[in-house]
Amino acid sequence: MVRSTTKRSRVRRAGESAFGLLLLGRNLLMAAVALVILVAGVWTSWGTAQYSMLTKGRELGTMTVARCGEKSCTGPFVATGPGEDRRTVSVDEAVTHREGERLLVAVKPGTDEVVRTGWGGVLHAWVPLAGALMLAAVVVAGGLRMRRTAWGLGLAGVALMGASFAVL
């Protein structure tokens, strides 16, 4: 068997190398964009999730929803452990359904804001990560051409959001 070795010009070899570098740069950029989206989702979620997940040493109690506005609901707080009762605390309107409902909550230190605890509060706190997973799936599928990984990311985001909706 005779091998033919075809010489390629320097211009062609440089063009092939430049195209390879462009493809590598595109993949690195898309991976960085997907990573930034996921980190932003975790960062945003952790702002609330830490209070609903890590309740040891926090001021815990129950809140009775008295009145709801556009974005938040207010009501009295009764401490179940160390801490003080408060006349009015506020909680995100998305974690409650009706006035008169009693919620298990944790108080954010130094504020009159509370965060729902338990499965409902934890899943609701991670909803921004669910959105980030679904958005990163689009970037991974379109930019990186990794469709199976994108399906996994997207389905994980949908499952997390669906679980939050079902529990609340």
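This is a predicted model: local features need pLDDT of at least 70, side-chain atom pairs count only at pLDDT 80 or more; totals for chains, interfaces and linings use all residues.
Residues are numbered from 1 along each chain as its sequence is written, and side-chain values use heavy atoms, with hydrogens and water left out.

Let me start with the inside. The largest nonpolar core has 19 residues, and those with the most contacts inside it are I37, W126, V140, L153 and L160. By a nonpolar core I mean a set of buried Ala, Val, Leu, Ile, Met, Phe, Trp, Tyr and Cys residues joined through side-chain atoms within 4.5 Å, where buried means under 20% relative accessible area, exposed means over 50%, and partly exposed lies in between, using a 1.4 Å probe and protein chains only. Two or more residues of this core come from each of α1 (10–53), α2, α3 (127–143) and α4 (147–167), and the largest share, 8 residues, belongs to α3. These element names follow DSSP runs numbered from the N terminus, with helices (H or I) of at least four residues and strands (E) of at least two.

If we look at W126 and leave aside its neighbours within four places in sequence, we find it in contact, meaning heavy atoms within 4.5 Å, with V42, S45, W46, A49, M53 and L160. There is also a second, separate core of 13 residues, which includes M63, V65, L103 and L168.

Helix α1 also holds M30, which is partly exposed at a relative accessible area of 22%. In the loop between α3 and α4 we come to R145, whose phi is near 60 degrees, a positive value in a residue other than glycine.

G61 sits in strand β1 (residues 60–64) and counts as buried, with 2% relative accessibility. Between G61 and L104 the C-alpha distance is 5.9 Å, for a separation of 43 residues in sequence.

The structure holds 1 disulfide, that is, a pair of cysteine sulfur atoms within 2.5 Å. It joins C68 and C73, whose sulfur atoms are 2.1 Å apart, and the link is right-handed, with 105 degrees about the S-S bond. C68 is partly exposed at 31%, whereas C73 is buried at 0%.

Finally, the largest pocket has a volume of about 150 Å³. A pocket here is an open set of points on a 1 Å grid over the protein atoms alone, where a 1.4 Å probe fits, with protein on both sides within 12 Å along at least five of seven lines, and lining residues have an atom within 4 Å of a point. Among the lining residues are T48, S90, D92, K108, R116 and H124, and the elements giving two or more residues to the lining are β4 (86–92), β6 (114–116) and α2 (118–125).

Conventions. Grid points are joined across faces, edges and corners, and a volume is the space filled by probe spheres set on the points.
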